[in-house]
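Subject: Handover of a structure and notes on what was found

Dear colleague,

Please find the structure below, together with its sequence.

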Amino acid sequence: MEVLSSFFLNNISPMVSIGAQLTFIFILIFVIFFPLITLTYWIEQVIYSRFSGIRGAGHSLYNIIFPMKIITKLLQKESQTDPYIDRPLFCLAPYVGFSTVVLTLIVLPFSSHYVLSHSDLGVLYLITFIFLMGIHALMAGWSSNSKWALIGAVRSLTQSLCGITLYGLVIMIITLQTHSLSIQDIIQMQGPHPWQWLLFLSPFTLAAFLLSLSSLMMIIDQPPYGTATSSSEIHSGYKGHYTGIRYFVLTISNKGAFFILSAMTTHLFLGGWQAPASWLYWAAVFSPQFPNIIEMGVFLFKTLCVVWIILILQNTLPPLRLDHLIKLTWKYLIPLGLTALAGTAIWTYIFPDGNLFTQYLLSLLLVTFGIYFFYRLLYHTYLSIKPRIKGKKA
Amino acid sequence: MNEWLGEEKKVCIGPHHPVTRGGMNFIASLDGETLRQAIPEIGYCHRSLEKIAENTDYQGFTTYASQADPLSPYSCQWSYVMAVEKLAEITVPRRAEFLRVIAMELNRITSHLHFLSFMAEIIGAKILKAQSFKRAEIFSHYTTTFCGNDNMFLQIGGVVRDLCSSDWETTLIQFLDHLKTFIDEYSYTLKNNYVFQRQLSFTGVISVEEAIQYNLVGPNLRASGLAWDLRKNRPYSIYSELNLEIPTCQRNKGDAHDRVQVRIDEIAQSASLIRQCLEKIPQGPIQCKITEPIKPKTGEIYNCIEGVRGDTGTYLVSNGTTQPHRLKLRTGSFSSLALLEKMGREIPLSDYLTLIASLDISPWEADR
């Protein structure tokens, strides 16, 4: 506790006045959080409409305002509260979820200097709030006074527990490898080039990366690991009784958690904001702020790639049933994580400075997989447009 | 909240639950995620069609008959119309019979595509759902351009509309080719996708004996392994002239997977029937001359055809007036519902929902 309180005092104490604090919160929510949410939401809509072949948000680039349209619509709706609910808890739950997500932004670095708090315990702080992300579901489900909502809440909690346990293991593997709990330190230990990333450091960190993707999908409740808010089965679970602005807040907390966990995956495994030094020297010629912007661009690009991959997975695969999910997690994924943890310990003992051959080999494997993936993508795109080409000729 | 703390809690799956498609209720006792007992409750879509029949004339009830099931309007309509024709000894022109078969098979494809979309939704495969639904919409469009308003197409003594144009036929055949690739993809997913296998295989297994005992009909019966199809076993209309193979399940288990697979095979079968009809269709009138109002002689008749959800029968009693004395419609969904109470014991909730979805129950048809 002393460590945590000193961390808060050191970093936020300069802003003592209420005005300054309110400005800080305003910037956090409206300048940083909302644009990121809009971007994530838009990509989700685009990929969904492209996959399902409907004229949705993916139809044209102008539909980047599509999330704004949904947001405006939801803000206009009435927030209903039924007479039999536990009203204070019901009204509070979405905002609890929202604040757990927004507060993680404090330690999330966007570049080497664009970070609200340079904390030595950033990872610990972050994982604390990720642990708290399941709480609002239970609050919402219990206070709705409905059996379906309660079933949804319990499902959601079970599922986040699986995800969080896995995420903890992943963090342990990373910490063991880098001997640091500071996110900036972890990023700086990696380099700008793929073979310098933690992802390719050893086979065990590669396994940890896959585990972190799985746990991410469990925490944000998306297929292939998520049935807690399935609308076709349990009436949207704990979200079922929410309308208007509260539903909106619940939705954007989910999207925000999605973005932040993808950003964390980028930081922990994909080198975060690290850009090649030559780019930064070139950028510094124009303005001292320019290198930071380049780094932020690199970080956002990588994060959106992770978002894209996850969305493709979630749109391709149907979700596992809850009991299958629990079996998969506790029988296979957590033992795999523990094995990776032990493996990392041995690996760091044998190769304290890393093994360059393994790094090259693993990154080459990724490149091969990537080429194969794009080949399949192009092939299927060709298959889908072939009838149209034929029709035009005829 | 004390009543929640017991071992079992009662929840209602329905009347507005995606799996009920609009108007059914299942009073379920849940213990955690396990279903202890579920009692189906129907009557939410009851429109007393059989009583209405006693107060309308024979030609007037054809419109109502199509309303028995909005997803497959021609099943009950054709069954009813054929019963009246047999009773009043009306001979339908040959071209009209071909047009009826085309409309029926188009309707079968649409309904089965809706089923595939519905099944994918219940499993949670939202992209597959959207893709199937898109195809179902296109097929509805074809049916509408051909038949006009859905509930007016079949009339006693023929049909109301002829084929639109040769252009319509060519686009239809092109789309049937396209549909072939789509259902191949769907069955590939069904066979090879891990989650589909895990959720559908060995879920809700119904043996042949059980299926006969509970009077299952149509695709559900064929999925249990019995090759019983009225189009083949008791041919009516022009089905005896067409080349038809009855699709049954290949694996002889009678689980949810087989029920989906049988319907996919039936789509291919219907597509082939439509092609044959378009080749063989003769020229001629589409409606025979009948004297209005229709007055069949006194007597009774039971007529059944192979509808979308199986054996669709009409029992008609005439007392020689312009109105039916008594009418009874027999539909496939109602008998499937009887099985659900027996099957819904000690299984996971999601499995039960998959079972309900795989039986393709239409609440409108069950209630009438």
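This is a predicted model: local features need pLDDT of at least 70, side-chain atom pairs count only at pLDDT 80 or more; totals for chains, interfaces and linings use all residues.

The interface between chain A and chain B

On one side of the interface stand 26 residues of chain A, and these are in contact with 33 residues of chain B. The size of an interface is often given as the accessible area lost when the parts come together. Here, chain A and chain B bury about 2800 Å² between them. Carbon and sulfur atoms account for 62% of that buried area.

How many salt bridges are there between chain A and chain B? The count is one. Its partners are Arg321(A) and Asp351(B), whose closest N and O atoms are 2.5 Å apart.

Several helices of chain A each supply at least two residues of the side that touches chain B: helix 2 (18–52), helix 7 (147–178), helix 10 (231–234), helix 13 (290–316) and helix 14 (322–350). Helix 7 of chain A gives the largest share of this side, with five residues. By class, the side of chain A that touches chain B has 11 nonpolar, 10 polar and five charged residues.

The second largest pocket

The second largest pocket has a volume of about 1200 Å³. It is lined by 47 residues, and those closest to its centre are Asp221(A), Gln222(A), Thr229(A), Lys239(A) and Lys126(B). Which helix gives the most to this lining? It is helix 11 of chain A (residues 244–269), with seven residues. The lining of this pocket divides into 20 nonpolar, 18 polar and nine charged residues.

The cavities

There are four cavities of 30 Å³ or more in the structure. The largest cavity holds about 70 Å³ of space. Chain A contributes Thr227(A), Glu233(A), Pro319(A) and Arg321(A) to its lining, while chain B contributes Ile122(B), Ile123(B), Gln199(B), Ser350(B), Leu353(B) and Thr354(B). The elements that give two or more residues to this lining are helix 4 (94–123) and helix 13 (349–358) of chain B. Helix 13 of chain B provides the largest share, three residues. Four nonpolar, four polar and two charged residues make up the lining of the largest cavity. Arg321(A), one of these lining residues, is also the chain A partner in the salt bridge with Asp351(B).

About 50 Å³ of space lies in the second largest cavity. Among the residues lining the second largest cavity are Val107(A), His118(A), Gly122(A) and Gln184(A). By class, this lining has three nonpolar, six polar and no charged residues.

Yours sincerely,
A colleague

Note on methods: Residues are numbered from 1 along each chain as its sequence is written. Chains are lettered from A and ligands numbered from 1 in the order in which they are written. Side-chain values use heavy atoms; hydrogens and water are left out. On a 1 Å grid over the protein atoms alone, a cavity is a set of points where a 1.4 Å probe fits but cannot get out, and a pocket is an open set with protein on both sides within 12 Å along at least five of seven lines; lining residues have an atom within 4 Å of a point. Grid points are joined across faces, edges and corners, and a volume is the space filled by probe spheres set on the points. Helices (H or I, at least four residues) and strands (E, at least two) are DSSP runs, numbered from the N terminus. Ala, Val, Leu, Ile, Met, Phe, Trp, Tyr, Cys and Pro count as nonpolar, Asp, Glu, Lys and Arg as charged, and the others, Gly among them, as polar. Contact means heavy atoms within 4.5 Å. Buried area is the accessible area (1.4 Å probe) that two parts lose on being put together, summed over both. A salt bridge is a side-chain nitrogen of Lys or Arg within 4 Å of a carboxyl oxygen of Asp or Glu.
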